[in-house]
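Reader: I am new to this structure. Could you show it to me and then take my questions?

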Amino acid sequence: MNQAQQRTALRDYYSATFDIDGLAAIINFSNFSTREFGFATLGGKFFRNISFENPKTLIDFLVDRTPYHAYVGAVYNEPPSRETPIHTLEWVGHELVFDIDLNEYDTVRQFVCDCQGADQVCQRCWQLVNLAVHIIDETLRLDFGMKDITWIFSGRRGVHGWVTDDLGFSLDQEQRMSIIDYLSVIHGEAEKARIQDRMKLKYDFRYRIEHTVFKYFLKNVRRKDLIDLGFSSSVASNILKQLDHQEGQIDENLLRNFNLRVAKINKYDEILRRWVPRIDHKVSIDLRRLLRLPNSIHGKTGKTARILDPSNIFFFNPDEEPSIFSS
Amino acid sequence: MSLPDWFILQSPPDLDIDVNQWKQLAWIRVKLLEQLPQNPSQVVRDHFPIYDDALNQIYNDYRLGAYLLRLVAATNRRLEAWLIESEGDLFERLYFDRTSLDQKQVVFKNLFGSENVMEYEEFKYKMDEKRNENLAELYHQFHSTRGRAASDFLICVHFSQVPWMVSNRRGYLRKGWVVSNEVSFRGSLKKAFENRLQEEIEKAQDLLGINEDIDQVVQEIEQNLAKHTQVRSQFSSAEFEGKDLQSHPEIFPPCMIYLFSEFEKTGRLIHTHRLQLGFFLKKIGMSVDDQLHYWYEKSVDNLNVSYAEFQRTAGYQIRHLYGLEGGKKDYDVPKCSTIATSYFCPFVHLDPAILINFLSKNHLTQKKSLTPPKSQLEKIVSRSSRDPTLACKEYFPFIYKRILYRKIVHPLQWARYASKFEGLMIEQDESNSSINNEAEKNQ
């Protein structure tokens, strides 16, 4: 598709398909006029400090200008504009957002799937994102008492988790950082990452992390992975046979058995290191961050940053998402 | 149950009082705070009686004295920092020594907000059956720990009030409540007290300029407390001139210059900020003795502490930075990505309006006095949200009139480039070569 065709596709999408009601479920429209928006053009020019009186004017703008990327930011005491940029305004609030991107997993993806190159995504490596969503969602609800969490496909290689509770909206930087610290099990850069001392993880959380990681690992395990970990060929065959026998259902017995075997070859931390959630810290702690506008189009892929159905979230496949640029 | 009598952040005392008498009370409080670091137990024993005929009057006088000191602190930032540090220490001591179990819960509710504190029994009642199983385990663990003080008890505080405890998983988190024993909340409680006191000091500013007599007394006390507002010697003295790079703040990256000047102004930095600046000063060549002197001379909270005593207590942390204590690890300066998440980066942690103000004033270079145009600064600040290292790189030319082609990924990288352009030499050590490699990778 050439640029003109892409523009037409974008215009058609924003005028006919763009789901503004879905957006209302995530961002509170009561303070819509004082919320910051940002846009990027095809040439890479980036504009922020933009606000709209109401959702209709936003849609008119999207249809008229057809930006390649649309972003939404924090709420301020007055409408941001070029004359009154955000640094002159008082910050009122921003939803708590978690960014899970496959970029963060690039150093460990080789142990999970056969994707070549950073841009490739497959159903297997998407399991890493699914696992992170599973653990973060459950921890936020059970440990932090948050109720309204919406997961949104970022349009390319990740998902964004929007916590839309009133409490999440007003958390300051230190409080957001504490949640990230609580959820982070690995320390250091990706290559040298080490697992935190297990005793420092409180009982419930530790159980949740280990239980979920090993369940996902076993669901997706290949013979090659087991051999690479150091299991003998016969043990690997045995484990796979058991898994086959249970037809993908991982019960507690099988899990306990496998944990013992992993502990024997001292690879417990190795599996955790590869699978535990990796969150982009900067996105969550930055109070003035612009994030992809839910239900908008990702300009590079043409895919919609759509809200994921909670009941079906773990069967989502980014490759199967339609692109408005492909027709 | 009411708040303990010694608690100073209560509703304002009766201010219908002779100004000179009030001054006396403030002065008694100052003496008390000055004595505190030397012998805290003695201060508590002498000044905070448990039984006395005039107990109410004594504590009322202390609160009045503390109230006037807040007005004084509102006029001077170093004095404010000293007062917060000293009152924080006194609070910690009195909370430990002079507070009954019931009063402790009231203090919790006062400092964290009553909606953010829940008694454990009430919390257990509110949780559903299934979750209670785990709570029972926690309860068992709490009671079976050997050597637990009889006065300890379980309490629940909302997670938003105790971020440090959440970060370090010092309590059990259930439905947004951090459940732990009272002892483990003490650090956060002291911090909450210090924050509240700071807020009260800011509010006290509004009371100045109304009554001439009070203003005069405030000014008088401030002058008498001058020793708390001054540093003992100027750091950039001849002692360091031309010898080490630490005497050239013009080569410091924005994060370090901010911490450095903040410490100059207030004499107080939080732990992580102290570490960040300490690592940096070490790596640009400050010796352990120089650094001990530096922190000793600039801090506001060790006025009555001898240098030998300081070396023994706070000195441990400084020697730790140099790998001379504890795990004996020679720590590096954290890189920018770590600073952005765990330490202090102005491009990440400062409010944009404050950031622009700071960046426009930060032109310490000796060669030229540059004033970056505001529009350019606004552009940098708007980018800082997406990529702080890029913003740092783009800010560099405004200070040194040289364009960088690499992002700033490490504070020492900035210092190395800056020292080159400022005509100072920085020794090429291991850490620098690793920075080079990193910068090249980044490019």
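The questions below go from the confidence of the model to its domains, helices and chain contact.

Author: This is a predicted model, in which local features need pLDDT of at least 70, side-chain atom pairs count only at pLDDT 80 or more, and totals for chains, interfaces and linings use all residues. Residues are numbered from 1 along each chain as its sequence is written, while chains are lettered from A and ligands numbered from 1 in the order in which they are written.

Reader: What pLDDT does chain B average?
Author: pLDDT is the predictor's confidence in each residue, from 0 to 100. In chain B, 83% of the residues score at least 70. The chain B average is 80.

Reader: How many contacts does the stretch 232-243 of chain B have beyond near neighbours in sequence?
Author: Two residues are in contact if their C-beta atoms, placed from the backbone, lie within 7 Å. Over residues 232-243 of chain B the pLDDT is below 50. Where pLDDT is low, the predicted coordinates should not be read in detail. Beyond near neighbours in sequence, the model gives residues 232-243 of chain B a contact count of seven.

Reader: And how many for residues 427-443 of chain B?
Author: Here too the pLDDT is below 50. Beyond near neighbours in sequence, the contacts of residues 427-443 of chain B number 19.

Reader: Which helix gives the largest share of the side of domain 1 of chain B that touches domain 2 of chain B?
Author: Domain bounds come from an automatic or database domain assignment. In chain B they give domain 1 (19-102 + 190-226), domain 2 (104-186) and domain 3 (235-443). Contact between domains 1 and 2 of chain B takes eight residues from domain 1 and ten from domain 2. On the domain 1 side, the largest share is four residues, from α9(B).

Reader: How many nonpolar residues does that side of domain 1 of chain B have?
Author: Ala, Val, Leu, Ile, Met, Phe, Trp, Tyr, Cys and Pro count as nonpolar, Asp, Glu, Lys and Arg as charged, and the others, Gly among them, as polar. The side has one polar and three charged residues. Its nonpolar residues number four.

Reader: How does α3(B) lie to α9(B), roughly parallel or roughly perpendicular?
Author: Helices (H or I, at least four residues) and strands (E, at least two) are DSSP runs, numbered from the N terminus. Axes are lines fitted to C-alpha atoms, for helices over the stretch in contact, and angles run from 0 to 180 degrees between N-to-C directions. Helix α3 (residues 55-73) of chain B packs on α9(B) at about 70°, with axes 8 Å apart. Angles under 35 degrees count as roughly parallel, over 145 as roughly antiparallel, 65 to 115 as roughly perpendicular and the rest as oblique, so α3(B) and α9(B) are roughly perpendicular.

Reader: Which residues of α9(B) make this contact?
Author: The residues of the α3(B)–α9(B) contact divide into four nonpolar, no polar and two charged. α3(B) brings B:R70, B:L71 and B:A73. α9(B) brings B:E200, B:I201 and B:A204.

Reader: Which residues of α11(A) meet α7(A)?
Author: Helix α7 (residues 203-220) and helix α11 (residues 268-275) of chain A pack at about 85°, their axes 10 Å apart. They are therefore roughly perpendicular. The contact residues are six nonpolar, no polar and no charged. A:V213, A:Y216 and A:F217 of α7(A) meet A:I271, A:L272 and A:W275.

Reader: How many residues of α22(B) are buried?
Author: A residue is buried if 20 or more other C-beta atoms lie within 10 Å of its own, exposed if 12 or fewer, and partly exposed in between; C-beta atoms are placed from the backbone. Helix α22 (residues 411-421) of chain B is mostly covered. Its buried residues include B:L412, B:W414 and B:Y417.

Reader: Is A:R11 buried or partly exposed?
Author: A:R11 lies in helix α1 (residues 3-17) of chain A. It touches A:V63 and A:T66, not counting residues up to four places away in sequence. With 15 other C-beta atoms within 10 Å, A:R11 is partly exposed.

Reader: How many residues of chain A are in contact with chain B?
Author: Chain B gives 23 residues to the contact. By class, these are eleven nonpolar, eight polar and four charged. Elements that give two or more residues to the chain B side include β3 (172-174) and α19 (352-361). From chain A, the residues in contact number 27.
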